[in-house]
Amino acid sequence: MDVGLKREIEAKVYAGERLSRADGEALYACDDLAWLGRLAHHKRTERNGERVMFNVNRHLNLTNVCSASCAYCSFQRKPGEKSAYTMRVEEAVAKALEMRDEQLTELHIVNGLHPTLPWKYYPRVLRELKAALPEVSLKCFTATEIQWFEKISGLPADEILDELMDAGLSSLTGGGAEIFDWEIRQHIVDHACHWEDWSRIHRLAHSKGMKTPSTMLYGHIEEPRHRVDHVIRLRELQDETGGFQVFIPLRYQHDFVDAADGIVRNRIQARTTMAAPAESLKTFAVSRLMFDNVPHVKCFWVMHGLSVAQLSLNFGVDDLDGSVVEYKITHDADSYGTPNTMHRDDLLHLIWDAGFQPVERNTLYQVVREYDQPTSIAERRAVPQDVWS
Ligand code: SF4
């Protein structure tokens, strides 16, 4: 990057000025990763100090049967496929209860767009889960699913959200965003929920007092300018509603070959690679720098691996999700040795070993517990890092 432009952007960042679309594109074109990290770390520590938030949650996917066939998705199954499943309400509750000893604070539930399950199944599951685990927040459904519920119920999103909230819904999830720019979206997304509906549903949720996450699926066929465009759309919506708590860049994953049927379902795999660690770190950094109005940037470690997750804490990230069990949507696709589960202690060590202070949070980003400051690297050197074993 031109030295003059570098100075100009740096001055804007330190003065707290909003970065433009052109600035965002210039940052992606810059290969000075240390400089990008320094700027993003400045913004991150200015907002969130040396704290790293995490939560203890469980991911549940009630069904993998989906009417859509998104090109990047290795999770969906068609009705009748051998590995297609749909949980009975009691099964979902039993699965959630398995983690009671972990003192989880959140259930994260996303699903396929099931062609025949009735709409009433969903609030019923939420009611039963809430009755079984009243202290646990229910973070459920993408905007895509809410739009699907509109279709199968004939009800408007307004009434759907009211009924789900009455059944115990705390927050929507941020999924279904992928990349909003139609130039890319038309090639990867196979359902009817695009920017207009995704933003309509989150705007509506925010108007009802709900806080939601926002996401971006990166590292497939999009270019950096599409990522910048994606962030700017969300930033403008955030100016309007203030309802986004966090931005989560999600790293596109190649398909795994399902051991059960040997089928690769990802249709863009042949013409894509996955984002390299440096690209991921750059994406975290630029996101933090562009988003001057969203409090947190999260690294979902399941999609990035533990090494990148630790490094990301120096590239704008201040939130690690989560203590995940059975993450299926893309983790099925991962053959890179990332563990499927991290318990509370594992996350604590991951954060301490990176030199930050862990803070356990709930779905609303309220502090559940603050942990000790990290000990110095010199003191830590003698202690093996459990998390890598
Ligand atoms: S990403 Fe979601 S909507 Fe798309 S095919 Fe997969 S499960 Fe279905």
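Predicted model: local features only at pLDDT ≥ 70, side-chain atom pairs only at ≥ 80, totals over all residues.
Student: How many cavities of 30 Å³ or more does the structure hold?

Tutor: Rolling a probe the size of a water molecule over the atoms shows where empty space is left. A cavity is a set of points, on a 1 Å grid over the protein atoms alone, where a 1.4 Å probe fits but cannot get out. Its volume is the space filled by probe spheres set on the points, which are joined across faces, edges and corners. Here there are three cavities of 30 Å³ or more. The second largest cavity has about 50 Å³ of space.

Student: Which residues line the second largest cavity?

Tutor: Lining residues have an atom within 4 Å of a point. Here they are Lys139, Ser171, Pro213, Gln245, Val246, Lys298, Arg361, Thr363 and Tyr365. The lining divides into three nonpolar, three polar and three charged residues. Ala, Val, Leu, Ile, Met, Phe, Trp, Tyr, Cys and Pro count as nonpolar, Asp, Glu, Lys and Arg as charged, and the others, Gly among them, as polar.

Student: Is Ser171 buried or exposed?

Tutor: Buried means under 20% relative accessible area, and exposed means over 50%. Ser171 counts as buried because its relative accessibility is 1%. Ser171 sits in strand β5 (residues 169-171); a strand is a DSSP run of E, at least two residues.

Student: What does Ser171 touch?

Tutor: Contact means heavy atoms within 4.5 Å. Not counting residues up to four places away in sequence, Ser171 touches residues including Leu138, Lys139, Lys211 and Thr363. A polar atom of the Ser171 side chain lies 2.9 Å from the backbone oxygen of Lys211.

Student: Which residues surround the ligand?

Tutor: A residue is near a molecule if one of its heavy atoms lies within 4 Å of it. The ligand is surrounded by Cys66, Ala68, Cys70, Tyr72, Cys73, Phe75, Gln76, Leu113 and His191. That shell divides into seven nonpolar, two polar and no charged residues.

Student: What is the phi of Phe141, and what is the phi of Glu178?

Tutor: Phe141 is not a glycine, yet has a positive phi of about 75°. Phe141 is buried, with a relative accessible area of 0%. Glu178, also a residue other than glycine, has a positive phi near 50°. Glu178 counts as buried at 9% relative accessibility.

Note on methods:
Residues numbered from 1 in each chain as written. Heavy atoms only, no water. 1 Å grid on protein atoms, 1.4 Å probe; cavity = no way out; pocket = protein on both sides within 12 Å on 5 of 7 lines; lining within 4 Å. Helix = DSSP H or I, 4+ residues; strand = E, 2+ residues; numbered from the N terminus. Buried < 20%, exposed > 50% of the residue type's maximum accessible area, 1.4 Å probe, protein only. Polar contact = N/O pair within 3.5 Å; in protein donor to acceptor, adjacent residues only side chain to side chain.
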